[in-house]
Structure formats: C-alpha cells, structure tokens
Amino acid sequence: MRGNGFFVVLGAVALAVVGAGCTAAVPQTQAPPPQIPRITPPTTPSRVPLMVDRALPDDCELVVPAEVMNATLGQELPGEPRIIIGIKEPGIGRTGKIDCYYGIPEKKNLPDAKIVIGLSTYTDDLTARTRVGESVEAERAEGAKVTEVDVGKQKGTLIEGKDEQLLIGFLGKSTFVVRNRNNFIPKEKLVAILPVLAQQSMTPPV
C-alpha cells in the first residue's frame, strides 16, 4: 500500500512538471480590450441653404453677398452692388420690391450691371404664382426658350432670350428673378449658376 501511494504522489508531481513545461512553451495571450467607437463632433457647422418666404431685405449683402456672388461665378465682379427699392403696386397685389445690381463697372450705370436679382412680395400665394406665370407666358410669346429647372427643393423657370436670360420663380407670397445681362454668363453655364444665385437670394442669413 505504501508503494502504491508513493507511485501516485510521484505521478502527480510528474504531471505537474509536464504541465508547467507546456505552459512555458506556449504562453497564453490575452484578448485585446473591445474598441469603443469615438464620435468626433464637426469643428464647424455645415449650413445648407434653406429657401423661405422671406421678408424683403434692405441691403444687397442680405440677398447675395458679394463674396458668394464672386465664388459662384468664379470671378470677381467690378464695383459694389447697388440696390433699388421699388414701390408698392396695389393694383397687381404687390406689397414690396427690391432689385440688386451686381458687376457695374466704374463710371457706369445700372444698365451696365452683369447680374440683376429682384425680389418681390405679394398679398398672397396665389397672386405671386399668377404674376410669375404671366411673366413666363409673356416671354414665351416673345420667342424666348422656356425650361423648368430645380432651385434647391423648389422649381423655377429658365427663360432664354436673345440678349438676356433669367430664372424666375415663387415661394409662398414671394417671387425671385435672377437676370443674366448681355450674355455675361455663357449659355452652357446658366443651369449651373443661376439656380445657385436664386436659392441664395431666398435664403436669409443665419
């Protein structure tokens, strides 16, 4: 019996030694800790132009700022924007009107502007829509090419005449028109530029 007990003890010791040797030969590796995703907030807020039925501004910088105009056109326009404030016309339901003239060369006048942006307000949505429709049909009758285009999430009408191209549309009680004078913007770039300016003109500054 003593011999058997001694054998069992030796066997246990031998197993322990073998186990220790195996542990030394193949070290165990720990699984890496789970990765926690990091959410980094943007450093600058992104602003998407949001067109609204806005009140008429009293400064062209609040319609399309000069720097936005130049960036959109890809060139710097001469002179400073000039604003003309129109009068109310109750007979057609118009409650206000402004026109901004961009790109007037030195010692030149309003007719020499490269781009003209006009905003008007009316008594109600129907009147604004009707005025735009009448303007479009008048241009069509004069032989202009008329095409519907996207202006942000809204729609507008591109009118291509011989000496002037314009983009006209409405939003609520307001109407907008962007005029390209004397073919300043090449025909192939009209759809890329005029809707951007129209969208900006109906987007109040934040």
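**Disulfide, sheet and helix packing**

The count of disulfides comes to one, taking a pair of cysteine sulfur atoms within 2.5 Å as the criterion. The model is predicted. The disulfide is formed by Cys60 and Cys100. Their sulfur atoms lie 2.3 Å apart. The link of Cys60 and Cys100 is left-handed, with -105° about the S-S bond. Cys60 belongs to the loop between α1 (2-25) and α2, and Cys100 to strand β2 (residues 94-102), so the pair ties together parts 40 residues apart in sequence.

Strand β2 is part of an open sheet of seven strands. The order is β1-β2-β3-β7-β6-β5-β4. The pairing is antiparallel. The edges are held by β1 (82-85) and β4 (145-151). Each has a single partner strand, so one side of each is left without a neighbour in the sheet. On average, neighbouring strands of this sheet are turned by 20° against each other, direction ignored.

Within the sheet, strand β3 (residues 115-122) is joined to strand β7 (residues 174-181) by seven bridges. These two strands run antiparallel. Ser120 stands opposite Thr175 in β7.

Two packed helices are described by the angle between their axes and the distance between the axes. The crossing of α2 past α4 is right-handed. On the α2 side, the contact is made by Val68, Met69, Thr72 and Leu73. Helix α4 contributes Ile193, Val196, Leu197 and Gln200. Of the residues in the contact of α2 with α4, six are nonpolar and two are polar. No charged residue takes part in this contact.

Technical notes:
Residues are numbered from 1 along each chain as its sequence is written. This is a predicted model: local features need pLDDT of at least 70, side-chain atom pairs count only at pLDDT 80 or more; totals for chains, interfaces and linings use all residues. Side-chain values use heavy atoms; hydrogens and water are left out. Two strands pair if DSSP finds at least two bridges between them. Helices (H or I, at least four residues) and strands (E, at least two) are DSSP runs, numbered from the N terminus. Axes are lines fitted to C-alpha atoms, for helices over the stretch in contact, and angles run from 0 to 180 degrees between N-to-C directions. A crossing is left-handed if the near helix is turned anticlockwise from the far one by less than a right angle, and right-handed if clockwise. Contact means heavy atoms within 4.5 Å. Ala, Val, Leu, Ile, Met, Phe, Trp, Tyr, Cys and Pro count as nonpolar, Asp, Glu, Lys and Arg as charged, and the others, Gly among them, as polar.
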